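Here's a quick briefing to read alongside the model. Have the viewer open and follow along topic by topic.

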Amino acid sequence: MKLLRYGLPGFEKPGLMHADGTVRDLSDHIADISAATLSPVMLEQLRGLDIEGLPMVEKPGRIGACIGHPGKCICIGLNYSDHAAETGATPPNQPIIFAKAVTAICGPYDDVEMPRGSDALDWEVELAVVMGDTAKYVSEEDALNYVAGYAVMNDVSERTFQTKLEGQWTKGKSHDTFGPIGPWLVTTDELPDPHNLDMWLDVNGERRQTGNTNTLIFNVPQVISYLSRFMTLKPGDIISTGTPPGVAMGMKPPQWLKEGDVMTLGIDGLGEQKQTVVAA
């Protein structure tokens, strides 16, 4: 299934993307695409619905974040071997973990704000994992059983905030609109293997990132198992798994985003996003 949320910010309704390209309303069956509706039992009930009988949404309008009210968003840094190489960093021996504030999560076509004082705004196309079951001390062999689905995410970053100010990376990752996710949450039955997906990102129509999830240093089961040693992962939590090469920080000289720039990005089977940079 391709699950989505449509409507104005804070008033999104749950929907499903039909194979014919129409949006079908799920409001009669669930309140939202969120922690309460992502359990294996609930997803199985949704799969059993008569999709043809669901109301068609003629004009869905804005598409919101594909997951509502996530409890946390945990990101993995330097998790592509070719991205680590472009930044001059040594590939890590263990996953690098940082948090993105959940207030950064937004829709896949919402504007991205350039923060006040920003001079190094960057892009990062990433595979996002959305949890569907509580995971604590899970094995790599069982890890994918706890996943509800996958989505495209743009881990927007302010590099001066991230690397030049004292402290951890979180302050460069957490401004409002720094986490566009969607357009859909693609459930695991439709995407059983997340480890051979082409991914790309353009800025103003010019290709900047090209990659594939087969160059992940730590794959999805490894990341889930590792994180579950240090924190309990709950339904609706987001894990953003890292970015391939081609970020502005790796260019010589860097070509930071500016107001009016347009980012377009996508991952095989997970859809596409588009954002315009505006002043905060």
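Predicted model: local features only at pLDDT ≥ 70, side-chain atom pairs only at ≥ 80, totals over all residues.

A disulfide here is a pair of cysteine sulfur atoms within 2.5 Å. Keep that cut-off in mind for the cysteines below.

**Cysteines**

- By that cut-off, the count of disulfides is 0.
- Take C75: the closest cysteine sulfur belongs to C73 and is 4.1 Å away, which is too far for a bond because a disulfide needs the sulfurs within 2.5 Å.
- C75 is also tucked away, since its relative accessibility of 0% counts as buried.
- For C106, the closest cysteine sulfur is the one in C66, and at 11 Å that is too far for a bond as well.
- C106 has 8% relative accessibility, so this residue counts as buried.

- If you want to spot a bridge by eye, look for G149, whose partner in strand 14 is T187.

- How much of helix 4 is covered? Mostly covered is the answer, with 7 of its 8 residues buried.
- Those buried residues are V220, P221, V223, I224, S225, Y226 and L227.
- What do the buried residues of helix 4 pack against? They pack against strand 5, strand 6, strand 10, strand 11 and strand 17.

**Rings and a charge**

- A pair of aromatic rings is described by the distance of the centres and the angle of the planes.
- The model has 2 aromatic pairs.
- One of them is Y226 with F230, an edge-to-face pair with 5.0 Å from centre to centre and 65° between the planes.
- Y226 shows 14% relative accessibility, so this residue counts as buried.
- Elsewhere, K2 holds its charged end over the ring of W184, 5.4 Å from the ring's centre.

Technical notes. Residues numbered from 1 in each chain as written. Heavy atoms only, no water. Phe/Tyr/Trp six-rings, centres within 6.5 Å; stacked < 30°, edge-to-face > 60°. Buried < 20%, exposed > 50% of the residue type's maximum accessible area, 1.4 Å probe, protein only. Lys NZ or Arg CZ within 6 Å of the ring centre and 35° of its normal. Pairing = 2+ DSSP bridges. Helix = DSSP H or I, 4+ residues; strand = E, 2+ residues; numbered from the N terminus. Contact = heavy atoms within 4.5 Å.
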